[in-house]
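Please read the report below with the sequence and the model open beside it.

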Amino acid sequence: MAMTVGDFLVERLYQWGVRRIYGYPGDGINGVFGALNRANGKIRFIQARHEEMAAFMAAADAKFGGGLGVCIATSGPGASHLLTGLYDARMDHMPVLAIAGQQALAALGGHYQQELDLPAMFKDVAGAFVQQASAPAQVRHLVDRAIRIAVGERRVTAIILPNDLQEAEYSEPPRAHGTLHSGIGYTRPKMVPYEADLQRAAEVLNAGEKVAILVGAGALSATDEVVAVAERLGAGVAKALLGKAALPDDLPWVTGAIGLLGTEPSYKLMTECDTLLMIGSGFPYSEFLPEEGQARGVQIDLKADMLGLRYPMEVNLHGDAAETLRALLPLLTEKTERKWRGEIEQWRADWEEKLEARAMVAADPINPQRVAFELSPRLPDQAIITSDSGSCANWYARDVKIRRGMMCSLSGGLASMGAAVPYAIAAKFAHPERPVVAMVGDGAMQMNNMAELITVAKYWQEWENPQWICCVFNNEDLNQVTWEQRVMEGDPKFEASQNIPNVPYHRFAESIGLKGIYVDREDRVAAAWEEAFAADRPVLLEFKTDPDVPPLPPHIKLEQAKNFATTLLHGDPDQGGIIKQSAKQLLGKVMPGQKKNKDKE
């Protein structure tokens, strides 16, 4: 049998190092699926329940696997379903290739069934490179360019293949005018700024007396370098959400998350510093950075378009975080005065006490903070943690402590609901030997994540380590938006939009062969985590949590307090509960006698 275009595509992807493709089949992409079948497992196809989830998996595979993520879908609705997951990859600068089917070449432009203008549709999300193939000899350079651009620029790219072309006989481009003869291979260069720019940056950092560092995803591979620079400068380090695993939380000068989901010591670090070093972060909320003019700034980023974007930096260094920090370190002067570092460590110690006190405040029935707080000491080494968007991201950001060797992520720039479970599935395919935990709200579970538990049921028995836990915060409320309505808008909870049905998620998991655990008592939280990690199969761990526990920002502004007061004046359906829980959380300590009771549990 002659090699088809589909056969060539699969072989070329394999030569580029692709070993997994996430997707869903359909007649518009049958030619490629036939080729995958004929390839006898050279590239593994992972069947998601929905194309959007497949695209999230490809983005997460790039995040956790460190290479190219690939997803595939049929024409029309299959291709359009990919978009949300692809935008997640684009916003978080992940290299992902989307492969989509299309109607036959002769039918294009004829308002044919499932015919969409796919190049136009993908143009924004895959603007770096999106092309529709029209001849067999063209496919070679489309694949080579799409992958090289995706990996080299950390972008989303897309290739569109009409269905008749997929099954056509493949032919190499002839040696003739108007043809291209592309090749395979890409190695990332060493990207370091010029010595003069490094010297300028060192002068700014050496002059600072109160240095603050903010790290993001770009610092994930620069842990040792960030530690060395922070120690030399006597700096504290805050972490953007995508940089949560960049530094372990057992370092006493690491202040944790920043922003609305951040910590008090991170807020103080930014408001009181005189120098800011930002490394590999596109953290969007400038109001949580130093006031303009307060601090001198230095930024390091691999992408030039992210430099000087959030704060007017005095020195912008375009380069790889680890390489640039290694080159910068010899130019930095050891700061012998450690008063600033001492203040940071005290802020962090005080915060840890407050965090534990808040987690242990009794709620009805379970305080969601306690769920995350009890998880941290029970996380196995090398664990991977994913989080969804929503109120669960608050507890993930503040209460989950990361140790060296762990990995974690969520939908950062897009902040999409529904990413946690597909992320956790891709994490398991990238690292089948590692324990994986997904933290999910009940809204995201109902939106699309319940279906992906079926994907777990389909594949888990082949995983080297069966430890895979989906932790569901069941509070029957779209909780983050409910609190945003109260605090940002001054509106009481709108029950028609916010209340969601109570679903027995653990029973659904049991019905498809997974283990289900249901917890509605606070004294069972720790034991439930231990039971889940000891299970011989993936677990759906459902906690019945209190929606009235407020996800407090690190600093409450006057306008937010006024809006909250207005909410109560207008009458909130959960008014009694939110007053009670807000008071407990704002006190930041357990009530008299409560700790004793907790110790007896």
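The structure holds 0 disulfides, a disulfide being a pair of cysteine sulfur atoms within 2.5 Å. In general, such a link is a covalent bond between the sulfur atoms of two cysteines. Cys392 is in no disulfide, and the nearest cysteine sulfur, which belongs to Cys471, is 8.3 Å away. This is a predicted model, in which local features need pLDDT of at least 70 and side-chain atom pairs count only at pLDDT 80 or more, while totals for chains, interfaces and linings use all residues. Residues are numbered from 1 along each chain as its sequence is written, and side-chain values use heavy atoms, with hydrogens and water left out.

The table lists residues that count as buried. Buried means under 20% relative accessible area, exposed means over 50%, and partly exposed lies in between (1.4 Å probe, protein chains only).

| Residue | Relative accessibility |
|---|---|
| Cys71 | 0% |
| Cys392 | 2% |
| Asn475 | 9% |

Asn475 lies in the loop between strand S16 (468-474) and helix H18 (479-489). Helices (H or I, at least four residues) and strands (E, at least two) are DSSP runs, numbered from the N terminus. A polar atom of the Asn475 side chain is 3.1 Å from the backbone nitrogen of Asp477. A polar contact is a pair of N or O atoms within 3.5 Å; within protein, one must be able to donate a hydrogen and the other to accept it, and residues adjacent in sequence count only if both atoms are side-chain atoms.

How many cavities of 30 Å³ or more does a search of the whole structure find? The search finds 1. The largest cavity has a volume of about 130 Å³. Of the 17 residues that line the largest cavity, Asp249, Gly256, Ala257, Ala397 and Arg398 are the closest to its centre. A cavity is a set of points on a 1 Å grid, over the protein atoms alone, where a 1.4 Å probe fits but cannot get out, and lining residues have an atom within 4 Å of a point. S9 gives the most to this lining, with 4 residues.

Strand S11 (residues 296-301) pairs with S12 in the parallel sense over 4 bridges; pairing requires at least two DSSP bridges between two strands. Asp301 stands opposite His318 in S12.

Definitions and conventions
On a 1 Å grid over the protein atoms alone, a cavity is a set of points where a 1.4 Å probe fits but cannot get out, and a pocket is an open set with protein on both sides within 12 Å along at least five of seven lines; lining residues have an atom within 4 Å of a point. Grid points are joined across faces, edges and corners, and a volume is the space filled by probe spheres set on the points.
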